[in-house]
Amino acid sequence: MKVFTPFESGDLRVKNRIVRSATAEAMAEEGFVTSELIELYKKLAEGGTGMIVTGYMFVSDDGKAMPKMTGISRDEFVKGLKNLVEEVKKVDKEVFFVAQIAHAGRQTLISPPVAPSAVYDPSINVMPRELTKEEIERIIEDFKNAVLRAEKAGFDAVQLHCAHGYLLSEFLSPHTNRRKDEYGDGVKVVLEIIERAREKSKLPILVKMNAHDFIPGGLELKDSIKIAKRLNDFVSAIEVSGGMYESNYHNRYNVVSQKVHKSGEAYFAKYAIEIKKEVSVPVIAVGGIRSIEVAEKLLESVDLIAMSRPLIRDPYLPRHWNKSDCISCNRCLNAVAVGEKLRCYKNDNF
Ligand SMILES: Cc1cc2nc3c(=O)[nH]c(=O)nc-3n(C[C@H](O)[C@H](O)[C@H](O)COP(=O)(O)O)c2cc1C
């Protein structure tokens, strides 16, 4: 079965094709790793997932997206992160453990909202302030330092969160980036982060990016193909997703985490397949993958498949995977958004 075939390419070595897509945990205390967070990741490692990507960690103290997010913005966070990595590696030394790093941009109710351009987000009623060039410089440094801290902590790689409308995604989207200076080319910001990190570190760098924003005037496949091609030589893998908060406002449903019974399985697969045709770097598909049958078929066209909600429902899914019984109720998502810890809320009475 292809799902359980090891994968090796460049600096990636994964024992199977199953990726736990980044999933916010709402389990940190003041940004510090807690024992609860460690338990969550130990279970995922025990469950047999080959590559585990953490929930997004804030790279800047003023760039937090939600309460109880894990921090990687200061050296004092490294000790806890190192402990997390060590504990997970004790369970399975082969697990490929990736730290996802992010800046909230305009998608925040707990930090000062900032963005490449001052474009209103009607989904959360936020008007961000346009970043100055000096501030962009500082944030690039923050990302670079976060990469170095992830390496110190022992992670196997980092993933730059360039999807879902957070700051780097806002730089890549023509809807949210209307700048006339050099940062009007949003890829430049991402490449600068990588270039600076590379001066001090060889840690593999992956990206998760949108293939489509699903917003009038937003990023579309033709744009994301160009972006992926420019990133191709500098990243270790590209995970292909779509949507941002504002997309929910325009479409009246959660675009990132869609209801699979309505959208169908693997709802972003066609984008991952199109991007894969244009790049040589490994491509990871995500979004509504629920059955091993669909995963196997998809692996004929992409390199790895990622899941979030099915592994919240059951971190041991890879051990007995046929079809996930996650019903995409998205109660998990609503919970972490307000700082309630990550777990499956399907059977809770509301
Ligand atoms: C509770 C929850 C938290 C999430 N947190 C993140 C995150 O921190 N970073 C990220 O890139 N995506 C995040 N996502 C999106 C998922 O990684 C994934 O792209 C999306 O849910 C679709 O995959 P699925 O159908 O397998 O859940 C989150 C999704 C859920 C449900």
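**View 1. Strand β7 and its parallel neighbours.** Strand β4 (residues 51–53) and β7 run parallel and are joined by three bridges, where helices (H or I, at least four residues) and strands (E, at least two) are DSSP runs numbered from the N terminus, and two strands pair if DSSP finds at least two bridges between them. The model is a predicted one, in which local features need pLDDT of at least 70 and side-chain atom pairs count only at pLDDT 80 or more, while totals for chains, interfaces and linings use all residues. Residues are numbered from 1 along each chain as its sequence is written.

View 2. Because seven of the seven residues of β7 (residues 96–102) are buried, the strand is largely enclosed by the rest of the structure; a residue is buried if 20 or more other C-beta atoms, placed from the backbone, lie within 10 Å of its own, exposed if 12 or fewer, and partly exposed in between. One side carries Phe96, Val98, Gln100 and Ala102, and the other carries Phe97, Ala99 and Ile101.

**View 3. The largest nonpolar core.** This core has 108 residues, a nonpolar core being a set of buried Ala, Val, Leu, Ile, Met, Phe, Trp, Tyr and Cys residues joined through C-beta atoms within 7 Å. Its largest share, eight residues, comes from helix α3 (residues 133–153). Among the residues with the most contacts inside the core are Val98, Ile101 and Ile238. Ile238 touches Val207, Met209, Ala228, Leu231, Ile275, Val279, Val281, Val283 and Ile284, not counting residues up to four places away in sequence, where two residues are in contact if their C-beta atoms, placed from the backbone, lie within 7 Å.

View 4. In helix α6 (residues 221–231), the buried residues are Ser224, Ile227, Ala228 and Leu231. Seen down the axis of α6, these residues fall within an arc of 100°, so they line one face of the helix; the arc is that of the directions from the helix axis to the C-beta atoms. Lys222 and Lys226 are exposed on the other side of α6. The buried residues of α5 are Gly186, Val189, Val190, Ile193 and Ala197, and they too line one face, since they fall within an arc of 95° when seen down the axis of α5. On the other side of α5, Glu195 and Glu199 are exposed. The buried residues of α5 pack against α3, β10, α4, β11 and α6.

View 5. Of the 26 residues around the ligand, Ser21, Ala22, Ser257, Ser308 and Arg309 come nearest, a residue being near a molecule if its C-beta atom, placed from the backbone, lies within 6 Å of it. The elements giving two or more residues to this shell are α11 (309–313) and α13 (331–337), and the largest share, three residues, comes from α13.

**View 6. Ala24 in its loop.** Ala24 is found in the loop between β3 (18–20) and α1 (35–47) and is buried, with 23 other C-beta atoms within 10 Å. Not counting residues up to four places away in sequence, Ala24 touches Gly55, Tyr56, Met66, Met69, Val336 and Leu342.
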